[in-house]
Amino acid sequence: MKKEKAVGPLYCVLAALIWGLSFVAQKTGAHIGTFTFNGIRTVIGGLVLIPVLVISQIKKNKNLPAGEKTKFDYKGMFRGGLVCGTVLFVASNLQQHAFTYEIEAGKVAFITALYMMLVPLFGLFLKKRPSPNVWAGIVLGVIGLYFICVKKGDFALGKGEIFSLLCAAAFAVHIIVIDKYCMEVESVPLACGQFLVAGIFSVICMFIFEEPSLPDIVDSAIPILYAGIGSSAIAFTLQIFGQKYTQPAVAALLMCLESVFAVIFGWLILHDDMGVRVLVGCGIMFAGVILTQIPVGNKKQGAD
């Protein structure tokens, strides 16, 4: 058990690293179309998890008597996958569409990280009262967002920033619905179901709103496969194992590093020039994200 507790945080950091690099892959493949890129990558992510589902079910029933063997929860997978997958479909396509405008990968990553602050804010509608440190973190997040999105002397937001903000809001809703259905459906079936639903919806939209080009898709095979297998299937599995052996607050903090990794990889691979003002904003926002994840006292954040 000590070994698992030691590697738990490492799994979280690896997941954050994979997600950070995924922003580079998304920007690289943005030219083939929002729904085209997301549809293919998300379906791949769901398909890759199917063997994991089969193996886990076999292991679960391996040492059980014949009369006690459990049946796979198809209804739960479908129900949870439909709701969570629909929200994921909206969130992931808003994020991917942001890359069709002139915006750096790191900037999209940091704006997306706002979902960590929006989750407790949205919790007000569920009668959950955020702690003072969460409110302070939200204020820092807004200040950081100003430095990232608004040029000096210009209060206009670019379209890429606007879609990234909408994406952050959608991912906050996604976290909330995941929190609900993960209590009813096991993690891997829920992940597989939501990926397949989001992927199918994206593929349908791909044929309705876009003109997918097979040569362009083949040319973007590497970023698509990385985003599908790495970001969706592998990183999510690492997150499951990481959170299993790591305290929730610590896991959340470590996985927030994805935005930092996105800036680093964007600079190294895409030669993104963020500028001092944007980097300062990223630092302020990251401090705000960390602040929202620090537990205060032993009081539960319950209903009023």
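User: Is Leu47 buried, partly exposed or exposed?
Analyst: This is a predicted model, and in it Leu47 is partly exposed, because its relative accessible area is 47%, while the cut-off for exposed is over 50%.

User: Where is Leu47 placed?
Analyst: Leu47 belongs to helix H2, which covers residues 34-62.

User: And which residues make the nonpolar surface patch?
Analyst: Leu47, Ile50, Val54 and Ile58 make that patch, with an area of about 350 Å².

User: Nice. Zooming out, what does the secondary structure come to?
Analyst: The protein has 13 helices and 0 strands. Of its 304 residues, 47% count as buried. The accessible surface is about 15800 Å², and carbon and sulfur atoms hold 70% of that.

User: What share of the contacts with a separation of 6 or more is between residues 24 or more positions apart?
Analyst: That share is 88% in this protein.

User: Let's switch to salt bridges. How many are there in the whole structure?
Analyst: A search finds 5. One of the pairs is Glu184 with Arg79, at 3.9 Å from N to O. Glu184 sits in the loop between helix H7 (159-181) and helix H8 (187-209), Arg79 is in helix H3 (residues 74-98), and the two are 105 residues apart.

User: What about Lys107, which residues does its side chain meet in salt bridges?
Analyst: Glu104 is one partner, at 3.7 Å from N to O. Glu161 is another, its closest N and O atoms being 3.2 Å apart. Since Glu161 lies in helix H7 and Lys107 in helix H4 (residues 105-112), this second pair ties together parts that are 54 residues apart in sequence. Glu161 and Lys107 are both buried, and Glu104 is buried as well.

User: Which residues do shared partners join into one network?
Analyst: Salt bridges that share partners link Arg79, Lys180 and Glu184 into one network.

User: Last topic: where is the kink in H10 centred?
Analyst: On Ala235, with a kink of about 30°.

User: And how far apart are the end C-alpha atoms of H10?
Analyst: They are 33 Å apart. Helix H10 has 24 residues (221-244), so at 1.5 Å a residue it should span 34 Å, and the two values agree.

Methods:
Residues numbered from 1 in each chain as written. Predicted model: local features only at pLDDT ≥ 70, side-chain atom pairs only at ≥ 80, totals over all residues. Heavy atoms only, no water. Patch = residues over 30% accessible without salt bridge, like charges linked within 9 Å, V, L, I, M, F, W, Y side chains within 5 Å. Areas by Shrake-Rupley, 256 points an atom, 1.4 Å probe, with all protein chains shown as cover. Salt bridge = Lys/Arg side-chain N within 4 Å of Asp/Glu carboxyl O. Helix = DSSP H or I, 4+ residues; strand = E, 2+ residues; numbered from the N terminus. Buried < 20%, exposed > 50% of the residue type's maximum accessible area, 1.4 Å probe, protein only. Contact = heavy atoms within 4.5 Å. Expected span 1.5 Å × (residues − 1). Bend = angle between axes of the 7 residues up to and from the residue.
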